[in-house]
Amino acid sequence: MKRRIRIIAVALLAVVASVAVYVQPASAAVGLHISSRNIVEANGQNFIMRGVNHPHIWYTGQTRAFADIKALGANTVRVVLGTGKRWGPSNDVPAVIQLCKQNRLICVLEVHDTTGYGEEGAAASLDEAANYWISQKSNLVGQENYVVINIGNEPIGNTNAAQWTAATVGAIQKLRTNGFEHLLMVDAPNWGQDWQFVMRDNAQTVLNADTRKNTVLSIHMYAVFNTAASITAYLNTFQQNNWPLVIGEFGWQFNSGEVDHNTILAEAQARGLGYLGWSWSGNTDPILDMALNFDPAQLTTWGQRIFNGANGIRATSREASIFAGGPSQPPSSQPPSSQPPSSQPPSSPPPSRGCTATYAIVGQWPGGFQGEVRVTAGTSAITAWTVTWTYANGQAVSSHWSAAITSSGSSVTARNVNYNGNVGAGASTTFGFLGSWAGTNSVPTLSCTAT
């Protein structure tokens with residue numbers, strides 16, 4: 001889901017695992033490689049991707065993003081590149097790899113020009129994407145410990161999705177014939193969402209085509225995966241057949257018809273699957289931004305959820321051992337202070353355990369609107385918060401996220417949920433909601449209390 005969101009209304013069929021369990025044989029792979037259904041490093045240490053997508057090709061000057069994404073706990077970044085057919089060309093691959101390495105991030109490099117091929121007239125084919133990677137071979141050889149090649153983003157649209165199998169096999173074999181040893185990642189058709197199950201039903205064929213046995217399949221989860229049942233059924237087939245899989249993109253449930261991100265995060269953690277959320281910043285539809293204006297101090301509701309929430313990046317990410325010589329521990333929920341704290345002078349008043357809240361209308365249309373509330377702790381950290389307000393013009397909250405919201409007439413009460421009650425001194429968290437209005441949509445006065 002890129003510079004536009006494609007919402008696909010489908011009736012998901014029950015998943016039937018009809019083939020025998022597949023055990024991917026070990027190979028003499030260099031660097032990151034597949035062992036059984038897991039991604040492992042050259043030393044055999046399991047590596048589970050916990051990261052986000054960064055739209056580098058459209059914002060090549062936003063190189064600070066790599067450090068900011070790392071500082072929030074990620075161990076991987078998926079970097080958008082272009083061949084020059086639609087975007088780019090990306091001739092800065094060495095610089096991108098260096099940014100990943102200096103920030104201790106595994107680098108998933110993807111060609112975006114292939115998005116929606118067959119349905120999107122300007123899209124590049126997977127064969128053209130393979131030619132781009134071959135043109136960059138001198139920049140990629142020797143980086144197998146650090147770089148995953150995602151051959152082409154969402155390489156087939158909804159028109160003749162069955163062509164995906166042969167096109168993917170051809171691209172894999174072309175890269176192997178040209179001497180690439182890297183871990184390869186291949187996206188599903190149907191704009192990445194595989195709602196016709198072409199990738200699911202042909203996974204064995206694609207994996208067998210790789211002479212290095214070093215390919216991981218990638219599913220993108222958006223509106224097709226808006227229920228726990230659809231998510232678990234799809235993932236079950238891959239797990240039962242021992243096929244390597246990552247969730248290469250997914251969004252969040254900003255309304256009831258969108259992706260069930262809570263199930264994705266929980267299932268990925270339970271199954272040991274990597275995930276890469278879309279996306280850091282810069283979307284033309286900013287509801288998918290994790291950070292406003294590429295500013296990590298302005299995390300959105302989605303950003304707070306994926307980095308700081310249950311089964312999110314901070315709680316589950318572990319740095320690749322190639323950067324530390326061994327397994328690392330997950331980052332703490334609060335970054336360490338650069339200097340030891342100084343004691344308060346005797347005359348200083350004790351810190352206040354309070355909070356403030358600000359209300360913003362981030363989108364509005366006839367009869368409806370989207371609101372966001374930012375809760376900021378006072379001079380002391382808080383462990384729980386409650387925000388209340390009263391609407392003056394008949395507005396009403398219809399759905400919400402990242403808060404437990406109740407209404408009584410025009411009065412609204414919002415309380416933190418389990419993953420965003422703890423807020424450091426001076427730090428902020430946000431929650432959002434959809435509402436209805438008629439005539440006037442004035443901004444109410446908020447009251448915030450905390451413990």
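Which strands does helix H3 (residues 126-135) lie across?

View 1. Helix H3 lies across strand E4 (76-81), strand E5 (106-111) and strand E6 (147-150), and its direction makes an angle of about 130 degrees with E5. Helix H5, which spans residues 164-177, lies across strand E7 (183-187) and strand E8, running at about 160 degrees to E7.

**View 2. The parallel barrel and the joining of strands E8 and E9.** Taken in the order E3-E4-E5-E6-E7-E8-E9-E10, 8 strands close into a barrel with parallel pairing. On average, and with direction ignored, neighbouring strands of this sheet are turned by 25 degrees against each other. Strand E8 (residues 215-221) runs parallel to strand E9 (residues 245-250), and 5 bridges join the two. For serine 218, the bridge partner in E9 is valine 246.

**View 3. Tryptophan 58 and tryptophan 87 as an aromatic pair.** The whole structure holds 21 aromatic pairs. One of them is the edge-to-face pair of tryptophan 58 and tryptophan 87, with 5.4 Å from centre to centre and 90 degrees between the planes. Because tryptophan 58 lies in the loop between strand E3 (50-54) and helix H1 (64-71), while tryptophan 87 lies in the loop between E4 and helix H2 (93-102), the pair ties together parts that are 29 residues apart in sequence. Tryptophan 58 counts as buried because its relative accessibility is 18%, whereas tryptophan 87, at a relative accessible area of 21%, is partly exposed.

**View 4. Phenylalanine 369 and phenylalanine 433, with their ring cluster.** These two rings form an edge-to-face pair, 6.0 Å centre to centre and with 90 degrees between the planes. Phenylalanine 369 belongs to strand E12 (residues 368-377) and phenylalanine 433 to strand E17 (residues 428-436), 64 residues apart, and the pair links these distant parts of the chain. Both phenylalanine 369 and phenylalanine 433 are buried. Ring pairs also link them into a cluster with Tyr359, Trp385, Trp389, Tyr391 and Phe431.

**View 5. Charged side chains over rings.** Lysine 101 lies over the face of tyrosine 146, 4.5 Å from the ring centre. The charged end of arginine 200 sits over the ring of phenylalanine 197, at 4.0 Å from its centre.

View 6. The chain has a mean pLDDT of 87, and 87% of its residues reach 70 or more. Where pLDDT is low, the predicted coordinates should not be read in detail.

Key
Residues numbered from 1 in each chain as written. Predicted model: local features only at pLDDT ≥ 70, side-chain atom pairs only at ≥ 80, totals over all residues. Heavy atoms only, no water. Pairing = 2+ DSSP bridges. Helix = DSSP H or I, 4+ residues; strand = E, 2+ residues; numbered from the N terminus. Axes fitted to C-alpha atoms, helices over the stretch in contact; angles between N-to-C directions. Contact = heavy atoms within 4.5 Å. pLDDT = per-residue confidence, 0-100. Phe/Tyr/Trp six-rings, centres within 6.5 Å; stacked < 30°, edge-to-face > 60°. Buried < 20%, exposed > 50% of the residue type's maximum accessible area, 1.4 Å probe, protein only. Lys NZ or Arg CZ within 6 Å of the ring centre and 35° of its normal.
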